[in-house]
Amino acid sequence: MSQPVVHITKLNLKYRHKPVLMDLNWTINRNENWLLCGTSGSGKTSLAKAMAGIGHSYSNIEINFNPQSSLPAMAYYVANWFQFKDLEGQSNFYYQQRYNKQSTETTATVKAELESFGKKHSLSIHEVDRVLAALGFSELKYSTLIQLSSGEHKKLQLVKALWLKPQLLILDLPYNGLDVLSRKNLNALLEEISEVGTQLILISNEAELPGCINRIATIEEGKLVEISGDERTWNDIEASDKPVPTFLSESVVNASSAEIIRMINVNISYGEKQVLKNINWEVKAGEKWVLHGHNGSGKSTLLSLICGDHPQAYANDFHLFGNKRGSGESIWEIKERIGLISPELHWYFDPSATVWQSIVSGFYDSSGLFCDPGYSKKAKTDELIHYFGLDEYKNTLMNELPLGKQRLALLARTIVKNPELLILDEPCQGLDQQQTLHFNKLVDELCKNGTTLIYVGHFESQIPGCIEKRILLENGEVKSVETLLESVL
Amino acid sequence: MSNYFNTLPLREKLNQLGVCDFMDSSEFLDGVNALKGKKLVIVGCGAQGLNQGLNLRDSGLNVAYTLRKEAIEGKRDSWKNATENNFTVGTYEELIPTADVVINLTPDKQHTAVVTAIMPLMKQGATLLYSHGFNIVEEGMQIRKDITVIMVAPKCPGSEVRAEYVRGFGVPTLIAVHPENDPEGKGLAQAKAYCVGTGGHRAGVLKSSFVAEVKSDLMGEQTILCGLLQTGSILSFDKMIEKGIDAGYASKLVQYGVEVITEALKHGGVSGMMDRLSNVAKVKAFEISEELKDIMRPLFQKHQDDIMSGEFSRTMMEDWAAGDKNLLAWRAATGETAFEKTPAGDVKIGEQEYFDNYTLMVAFVRAGVELAFETMVQAGIKPESAYYESLHETPLIANTIARKKLFEMNRVISDTAEYGCYLFDYACKPLLADFMTKVDTDLVGKNFNEGKDGSVDNRTLIAINEALRSHEVEIVGARLRKAMTAMKSIKTA
C-alpha cells in the first residue's frame, strides 16, 4: 500500500489557552474523501487550519503529495468566512455600505479578484468561466466585492477552490448561505474534481453530501473519532430543559399598528441594474413569514429596507409600523422595534466587543456597546447568557470565539429586547444541529407572544414550525405569496 | 472685508478664545426637535456633505442639496452623490429661498464666493451653518443681521461620520454660535440638534467659538498634525537610505509606522505611546524629544503668532489670489521626494516592531503633540480645544499617510492645512539638520534594544514617567478620551 496522503500523529492544539486537540491521530489514504462533522467549538476549524499550515506549521502533520499528479501540490483551505479588503488595504467596513452607491467602488471587482488569484497560482483564466457558470456566478463578474451578499461571497471562495483543484481541498462550512440549487451544483462540481484527483475534506453538518464522501469523523474530546453514516442522524437530540427567561414571555407591545410592513410598487436600482422590481407586500402584526429566493434574488436588499438600512427607502411608497418612511421618523425609532440577525450583521459586527457587550448592545441596536445600560438590562442579559449556555464566555472578545459561539451570542442579542418584529436571516449559519433545534424551539416560543416573524433560510429542515406564510422572490420580483398549511413544513 | 479677530478689543479676543465647554450628555435630551420639520439645505455634496446628509435624513430630518448650475448640468460627482441616494437636488435659486437652515460644506477657498451668492437668496431669520470658521474669522465675512450663524464640525473624515453613525455611535464634534449673528438666541439649540442628527452627541461635544476653532485648528494642522508628520517622515526615510537600510523596508516602516504609533497615542495618550517602548528606548526617546522640543519651540511659536496676528491667512490668501502659485509648487515638490517615490516593500513588519525600529518617530510625535498643545495654551486657547487640535487628530491624519503616503494626506486635508503644512515643513527641515546628523539606525530602521542589556536607572525612569503622565495634555486627554472610548480602532495594515 502506498504511503498515506495525510498522516497526523499526536497533534496537540490550543485555542487561546484551552486545549482543543489532544494527541489527535488521523490518517488519510489516497481515494479517501472525508466529512468532518460534529458540535460547534469541537476543534474542526483549528484542525483544518493546522493541516493547511495557516499561522503555524506542525511537524506532526505529514502531508505526502503525489509527485506524478498535475494538480497543485498543496492543501488549500477555504475558510468558513470570506475576508476581503478595500483597494487601500483596509477592511474597516460597515454593513450598510454596500447599499450606498458611492461606497461600492472602493473594493475590487470579482473579475479583478479572480484575475489576481489566477495569476498567483498560474491558472488559465478561460477555465474559470465554466465554474462561474456552473455556480450561477457569471453575471456578477463586474460587481465589486462589497456589493455581494454572504451567499455570493461563499460562492466566490468556492469558485477559486474549484478552479485551483489542489491535491487536498479542505472546505469549512461550504454550504453556508447557498440556495438549494447551488448546493446541488456544488456537490456535482466536487464529485468532478474528486474524480480528477483532488481529495476532499468537508467540514459540515449538512445532510446532502457529494457521493464521493466515503469516510466520516467527528472530534470528541480532542480526538478524531470515525463514525458511520447512520450515526449522523440526530433523532436523539434532547430538547433543552432550561426554561425560557420570563422577560421573553411577555407579550410584545404593538398596539400602535396592526400593520407592520406595507410596500407598494417598491423599486430599488443601482444605475441600470434593478435589484427589486415593483414589490408589493403587506405584513400584519403577529404574522409569521418565511422569505424564500435564490442567491441574488434580492432578499437581503428587501430586508435592509425594513431595517432602515437602505437609503433608497426614502424614494419609495413604503410604510413601516404604520408610518410612511421619510415622514420624520429616525432609523433608531425603527430599529428599536426590530430584532435582526443576518450573515451581514455578523460579518460586520464589532469583533472587539465582548460577548456580554455584544448582547447588551441589542438594546441599543449598535455594533458594540457605548453606554452604561443600567440594572434591568444587565440582569436580562445575564439571564439570556445563561439560557444560551454562554456563561464561561461572558467576558471573552467575539473575535476570540469560534464562529458558532459568536453566532449564539448574536442570536441572544437579536432577542434580548423581546422585539415586536423579528428578522432572522439565516440565523443558524454555523450552528450545529442541536443548537439549531434549540434556537428554533425558542423562536416558536417567542412567537406565541404576538411577535411578528420574517425568516430567511435555504434549509427546509432549519425552519421553525410556527411559519404560516411564504413570499418567494425571483430576480427581484415577487414570484408568489402563499399561506402555508401546517402540514407543509 | 477685514480680519474679524483683529477688529475685536483684547478683552473680547480673550473672551472668544476662551469659549470651551465639554458638554454633558444631558444637554442633548431634546434630540433633533429644534430642527424637526425644518428644511435643511446643504451646499456641496462631497464626502462631508453627503455623509452628514445621510445621517441627518436617517435621524428624521428633511434634507436637500443645492449645487451650482454647472455641477448639476455637468452631472458632476457631487450631483451623482446626491441624486443616487435619492435626495432632492436643485440650484441656489430653487432651494435656498425656502431653506430654514443652509449648511455650507464647500471648501474654505470657495466660502466667500458661495456665501456671497446664497446670502441674498436666504429667507428672513434663516440659519447659516459652517463646519469651519475661517471665512467668518480670517476673511471677516459679514452675514446679514437677521441670519443666525452657527458651526458644527465633526472631527473626523466624512466616511467615518457615516460609519460611526450606522454603528450606533458618532464622532467627536465641535459646535459654536457666532456672537455677532444670533439675533433670536436659537443658535445653540439648533447646533445641538444638528449634532444629534449626525450622531456626534454620543461621542463627546465641545462647545467652542468661531475664533477658538480657527486659531487652534490652523495651529494644529500646520504643526503637529501635518507639518511635523511630513517633516519627520521625510527625514526618517532619508536617514535610513543614507545608512543603507533596504529602501522597501524603509518606505513601509515610514508609511505605516506613524499610524501604528499614533494608534497607541489615541488609546493611551503620550504616556500610553511611550509605554510601548522598552525602558531603555523610552529613556532615549524622552531625551531626544526634549531636545526636539527645544529646537522646534521657536518655530511652533512663530506659527502660532502668525495665526493670531492674521499674518498667516493674509499670506495664504495672497497665494490664492496668485492662482495657488506657492501651493502648487510645494505640492509638486512633495510628490518628488524619495519617500513618496519608493513603494513600500513586501515585508512583514509586526506591530511591536514599528515601535522598536522607529523610536525616532515616537520622539517626534511626543515632541510635536506636547509643543503644539503648550503653544496653543500659552496663546490663550483652552486645554480642551488644544487637545482636540493636537493629540486627538494626530491618529486620523496618520491614517491618511498609511493609505497613500504624504500625497494622500495633503489631498485629503483642507486647503488651509495643506498650505500651512508645506510652510512648516520648509522651515523645520533646516532647523533639524544638525540634530539629524547625530541620528543613527538604532533610532530608525533597526531595533533600538539590539545589543543593549536593557538596564536603566530607576530614578531616571520614575522621573520620566512622572514628567510624561503629569503633562497637562495627559490630564485633559484622560478625561476627554473617557467620553469617546468606544471609537472604533483604526485598522492597521
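Reader: Which residue does Tyr130(B) stand opposite in strand 7 of chain B?

Author: Please note that this is a predicted model. In strand 7 of chain B, Tyr130(B) stands opposite Met151(B).

Reader: In which sense do strand 6 and strand 7 of chain B pair, and over how many bridges?

Author: Strand 6, residues 127–130, and strand 7, residues 148–154, are parallel partners in chain B, with 4 bridges.

Reader: What is the strand order of the open sheet of 9 strands in chain B?

Author: The order is 1-9-8-7-6-5-2-3-4, and the pairing is mixed. Strand 1 (21–22) and strand 4 (88–90) of chain B each have a single partner strand, so one side of each lacks a neighbour in the sheet.

Reader: Turning to the record, which residues does UniProt list for "binding site" in chain B?

Author: The unreviewed UniProt entry lists Asp217(B) and Glu221(B) under that name. Asp217(B) lies in helix 11 of chain B, residues 210–242, and Glu221(B) is placed in helix 11 of chain B as well.

Reader: Is Asp217(B) buried or exposed, and why?

Author: Asp217(B) counts as buried because it has 26 C-beta neighbours inside 10 Å; the cut-off for buried is 20 or more. Glu221(B), with 25 other C-beta atoms within 10 Å, is therefore buried too.

Reader: What does Glu221(B) touch, leaving out residues up to four places away in sequence?

Author: Glu221(B) touches Cys226(B), Ile413(B), Ala417(B), Gly420(B) and Cys421(B).

Reader: Now chain A. Which residues of helix 3 are buried there?

Author: In helix 3 of chain A, residues 125–134, the buried residues are Val128(A), Val131(A) and Leu132(A). Their arc around the axis is only 100°, which means that they lie on the same side of helix 3 of chain A. They pack against helix 2 (110–120) and helix 4 (150–164) of chain A.

Reader: And which exposed residues does the face turned away from the buried side carry?

Author: That face of helix 3 of chain A carries His126(A) and Ala133(A). Just after helix 3 of chain A, Gly136(A) has a positive phi of about 65°.

Reader: How are the 3 strands of the open sheet in chain A arranged?

Author: The strands of this chain A sheet follow the order 2-1-4 with antiparallel pairing. Neighbouring strands of this sheet are turned by 25° against each other on average, direction ignored. Between strand 1 (residues 6–15) and strand 4 of chain A there are 3 bridges, and Val6(A) has Ile63(A) as its bridge partner in strand 4 of chain A.

Note on methods. Residues are numbered from 1 along each chain as its sequence is written. Chains are lettered from A and ligands numbered from 1 in the order in which they are written. This is a predicted model: local features need pLDDT of at least 70, side-chain atom pairs count only at pLDDT 80 or more; totals for chains, interfaces and linings use all residues. Two strands pair if DSSP finds at least two bridges between them. Helices (H or I, at least four residues) and strands (E, at least two) are DSSP runs, numbered from the N terminus. A residue is buried if 20 or more other C-beta atoms lie within 10 Å of its own, exposed if 12 or fewer, and partly exposed in between; C-beta atoms are placed from the backbone. The arc is that of the directions from the helix axis to the C-beta atoms. Two residues are in contact if their C-beta atoms, placed from the backbone, lie within 7 Å. Axes are lines fitted to C-alpha atoms, for helices over the stretch in contact, and angles run from 0 to 180 degrees between N-to-C directions. UniProt positions are given in the numbering used here, feature names are shortened, and annotations may be inferred rather than shown by experiment.
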